[in-house]
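Student: Before we go through the classifications one by one, could you show me the sequence and the structure together?

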Amino acid sequence: MREIEIDDLMRLNPSERVILDIRPEETFRRGTIEGALHIPADEIPGRLPQDSDKTLYVLCHTGDQSMDAAEELSEAGFRAVSIKGGYRAFLKYQLSKRMEKQDAQKEERAKIERSLIKKFRKNIWCKFTKGINEYELIRDGDKIAVCISGGKDSMLMAKLFQELQRHGRANFEPVFLIMNPGYNEENWQIIRDNAELLGIPLTVFHTDIFDAVAGIDKNPCYLCARMRRGYLYSHAKELGCNKIALGHHFDDVIETILMGMFYGGKVETMMPKLHSKNFEGMELIRPMYLIREEDIKTWRDYHQLCFIQCACRFTEHCVSCGGEQGSKRDEMKELIAQLREKSEFIEMNIFRSVHNVNLKTIIGYNMDGRKYCFLDDYDERSS
């Protein structure tokens, strides 16, 4: 065999091939096949390992010079084969593979988008639009920073916003905003790959939040979350947005209610929308408010998608992120799962409890800095 096609070469095990790039140094530096050994044509065979028993696959720019080099090497006792078409053929090969990948991604993306409107219409799409309408989360003219962390919730939220823009009636503009607070390269690549597959155009900015809270012993997660939200508000406002959208879902809401009762001694919830106290004119919205986490996981698994969970270095021992020791929220998840076995209505009743508060049966509450006690007007209400 005097020549090998580039497709056949790339199918070989990299550990069993030696690619010899004989092009000039300057050309080689601009790009080559990964793992290639560079020896300019006028320096072989003197620099070749004399004891190599592997076939040498010779690479030039067009495949002409490599034919001559392969013949010379064969006469010198080496097993040498020219790479047909040279580096130019490799560039065409890379382009074709990219095109194949893009076509496959477009097909998969279309399938994902169709499923939101059809297969997952009842449990995801309709609950998304119901939450937006019921809590008046979007108005005409809004520019919304859809905040993406890289997890399943925010990635699904981004797709739902895209579908809402295609099929909804509200005239709004989404900006898919993502902050890199110090992810390791592996997690950061996963996020970018998922965004490419899903067709989400990311607007990226970087911070050093993970490093900033690395030395904090008490409540680093709380500080990290506060800092991340502040950065998101700030960058969203710089981009001309008047709202930021976070991917909190139904389960987050009821877990927050229980945590407040059990560990805070108060009744409160995660609100579907909030005016920012520190960024004038900005508002936080939670359009996934009515969507259950179980349905989000079903959507993810149906499409065999793989998202990061929590890429923070402080969650190594968090059960939901693969660790051993659980957080307060993990405790609530476990408790709710146990209650669910006793009654299918438990979760919805917890959720409805903060929608149906009877102030006449409340001992006390706080409103705008004023603390109310039922004794304040107890006698008046009896008459």
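Tutor: In this predicted model, Leu-305 touches Ile-112, Leu-197, Leu-198, Trp-299 and Arg-300, once residues up to four places away in sequence are set aside. Its place is in the loop between helix 11 and helix 12.

Student: Why is Leu-305 called buried?

Tutor: Buried means a relative accessible area under 20%. Leu-305 has a relative accessibility of 9%, and therefore it counts as buried.

Student: How far is Leu-305 from Arg-226, in sequence and in space?

Tutor: The two residues are 79 positions apart in sequence, and their C-alpha atoms are 29 Å apart in space.

Student: What makes Gln-304 exposed?

Tutor: The cut-off for exposed is over 50% relative accessible area, and Gln-304 has 74%, so it is classed as exposed. Gln-304 also sits in the loop between helix 11 (293-302) and helix 12 (328-342).

Student: Where is Asp-368 found, and what is its phi?

Tutor: Asp-368 is in the loop between strand 12 (364-367) and strand 13 (370-373), and it has a positive phi of about 55 degrees although it is not a glycine.

Student: How do you know whether Asp-368 is buried or exposed?

Tutor: A residue must be over 50% to be exposed, and the relative accessibility of Asp-368 is 77%, so Asp-368 counts as exposed.

Student: Which class does Met-282 belong to, buried or exposed, and why?

Tutor: With the limit for buried set at under 20%, the 3% relative accessibility of Met-282 places it among the buried residues, and therefore that is the term used for it. Met-282 lies in the loop between strand 10 (273-275) and strand 11 (283-285).

Student: Which residues are in contact with Met-282, leaving aside its neighbours within four places in sequence?

Tutor: Met-282 is in contact with Tyr-233, Ala-236, Lys-237, Cys-241, Asn-242, Lys-243, Ile-244, Leu-274, His-275 and Ser-276.

Student: Why is Arg-29 called exposed?

Tutor: Exposed requires over 50%, and the relative accessible area of Arg-29 is 67%, so the term applies to Arg-29. Arg-29 lies in helix 2 (residues 25-30), and its C-alpha is 44 Å from that of Ile-144, a residue 115 positions away in sequence.

Student: What lines the second largest pocket?

Tutor: The lining consists of Thr-129, Ile-132, Asn-133, Glu-136, Leu-137, Ile-138, Arg-139, Leu-164, His-167, Gly-168, Arg-169 and Ala-170. Helix 5 (121-134) and helix 6 (152-167) are the elements that give two or more residues to this lining, and the largest share, 3 residues, comes from helix 5. The volume of the second largest pocket is about 240 Å³.

Student: How many residues of that lining are nonpolar, polar and charged?

Tutor: The lining divides into 5 nonpolar, 4 polar and 3 charged residues.

Student: How do you know how the radius of gyration of the protein stands against that of a compact globule?

Tutor: A compact globule of 383 residues would have a radius of gyration near 21 Å, whereas the protein has 29 Å. The box filled by its C-alpha atoms, taken along the principal axes, is roughly 115 × 50 × 45 Å.

Student: What else describes the protein as a whole?

Tutor: The protein has 14 helices and 13 strands, and buried residues make up 41% of its 383 residues. Among contacts with a separation of 6 or more, 70% are between residues 24 or more positions apart. The protein exposes about 22,400 Å², of which carbon and sulfur atoms supply 48%.

Notes. Residues numbered from 1 in each chain as written. Predicted model: local features only at pLDDT ≥ 70, side-chain atom pairs only at ≥ 80, totals over all residues. Heavy atoms only, no water. 1 Å grid on protein atoms, 1.4 Å probe; cavity = no way out; pocket = protein on both sides within 12 Å on 5 of 7 lines; lining within 4 Å. Points joined across faces, edges and corners; volume = space filled by probe spheres on them. Helix = DSSP H or I, 4+ residues; strand = E, 2+ residues; numbered from the N terminus. Nonpolar A, V, L, I, M, F, W, Y, C, P; charged D, E, K, R; others polar. Rg over C-alpha atoms; globule rule 2.2 N^0.38 Å. Buried < 20%, exposed > 50% of the residue type's maximum accessible area, 1.4 Å probe, protein only. Contact = heavy atoms within 4.5 Å. Areas by Shrake-Rupley, 256 points an atom, 1.4 Å probe, with all protein chains shown as cover.
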